[in-house]
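Please read it alongside the sequence and the structure shown here.

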Amino acid sequence: MKAMPNFTDVTEFILLGLTSHQELQVLFFVVFLVVYMITLIGNIGMIILISISPQLQSPMYFFLSHLSFVDVWFSSNVTPKMLENILSETKTISYVGCLVQCYFFIALVHVEVYILAVMAFDRYMAICNPLPYGSKMSRTVCAHLISVPYIYGFSVSLICTLWTYGLYFCGNFKINHFYCADPPLIKIACGGVHIKEYTMIVIAGINFTYSLSVVLVSYTLIIAAMLRMRSADGRRKAFSTCGSHLTAVTMFYGTLIFMYLRRPTQESVEQGKMVAVFYTTVIPMLNPMIYSLRNKDVKEAVNKAIIKANLRQ
């Protein structure tokens, strides 16, 4: 008969981080600190700009402000602890802290993918149904649409975190990652693995497929509507409002699918660690730039805000 594994009570984990090379630690600290500060400034600045600018009071910018809000918390859930551990000799995270980090990470991922889906639906309504758009996408409707990703994301995350809590460990507490993520936790666990691995792939697959389907259907209808437009200027304007969103969708979904729709192996965990840098630190930094650099309304709002600030001085 096969011997039962010797489960061990775990109080903390060791996060191995991105690299074991000591000479790179200071460089990584400086780079990620700069990226984190740009992320905070860019996203908080976007939220403030949308709240004070009369020309940015449309549903599209309302949803964009929530995307920026989620990006701030998404990055803040991971980066501060990563920066602390880069300079620390122990590089530990408590068991409770690990579960909390997992909970908020899974919740915010689900919130973000569904906000991206809601934004795609909003673009469909604006381009394909321009006349009733104002009444059908009222403040009340937008508030209801944006509440669903938050409620659903944090509810699903609670269930997923309870399954993570069901993992058992047998003495190996070294997580091959820079934050607590499900794939590397599954890799070092010796009990409760199959149910967690199965549910992770199924839930990620269902939610990514459903939210991405909303995006793809919306943009299929948008493209069909654009092809029917006689005015080249109208097509250009429609594409300009969708290009930024499509860029954000491609980056976020691509990296998450690479991370979570594969079985956790040593190779996939190592590759996922590099990909995780992109969606936990780089994408939240890039989103405000993508939406501002490609958007005439945002540029005008920034210029007006700067002029007002100079006049007050």
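A disulfide is taken here as a pair of cysteine sulfur atoms within 2.5 Å. In this predicted model, a search of the whole structure on that basis finds 2 disulfides. When the bonded cysteines of the protein chain are numbered in sequence order, their pairing reads 1-3, 2-4.

**The disulfide of Cys98 and Cys180**

- Cys98 and Cys180 are joined with their sulfur atoms 2.0 Å apart, and the link is left-handed, with -120° about the S-S bond.
- This pair links distant parts of the chain, 82 residues apart, since Cys98 lies in helix α3 (residues 95–128) whereas Cys180 lies in the loop between β3 (174–175) and α6 (182–188).
- Cys98 has 1% relative accessibility and therefore counts as buried, and Cys180, at 1% relative accessibility, likewise counts as buried, the cut-off for buried being under 20%.

**The disulfide of Cys170 and Cys190**

- Cys170 is joined to Cys190 by a disulfide with an S to S distance of 1.7 Å, and because the torsion about the S-S bond is about 90°, this disulfide is right-handed.
- The pair links distant parts of the chain, 20 residues apart, with Cys170 in the loop between α5 (139–165) and β3, and Cys190 in the loop between α6 and α7 (193–228).
- Cys170 is partly exposed, its relative accessible area being 31%, and Cys190 is partly exposed as well, with a relative accessible area of 29%.

**Other cysteines**

- The cysteine sulfur closest to that of Cys160 belongs to Cys102 and is 10 Å away, which is too far for a bond.
- Cys160 counts as buried because its relative accessibility is 6%, and Cys142 is buried with a relative accessible area of 2%.

**Packing of α3 and α7**

- Helices α3 and α7 pack at an angle of about 15°, with their axes 9 Å apart, and α3 is therefore roughly parallel to α7, given that angles under 35 degrees count as roughly parallel.
- The crossing of α3 and α7 is left-handed, and the contact is made by residues including Val109, Val113, Leu116, Phe121 and Ile127 of α3, together with residues of α7 among which are Ile203, Phe208, Val214, Tyr219 and Ile222.
- By residue class, the contact of α3 with α7 divides into 19 nonpolar, 4 polar and 1 charged.

Technical notes. Residues numbered from 1 in each chain as written. Predicted model: local features only at pLDDT ≥ 70, side-chain atom pairs only at ≥ 80, totals over all residues. Heavy atoms only, no water. Helix = DSSP H or I, 4+ residues; strand = E, 2+ residues; numbered from the N terminus. Buried < 20%, exposed > 50% of the residue type's maximum accessible area, 1.4 Å probe, protein only. Axes fitted to C-alpha atoms, helices over the stretch in contact; angles between N-to-C directions. Parallel < 35°, antiparallel > 145°, perpendicular 65-115°, else oblique. Left-handed = near helix turned anticlockwise from the far one by under 90°. Contact = heavy atoms within 4.5 Å. Nonpolar A, V, L, I, M, F, W, Y, C, P; charged D, E, K, R; others polar.
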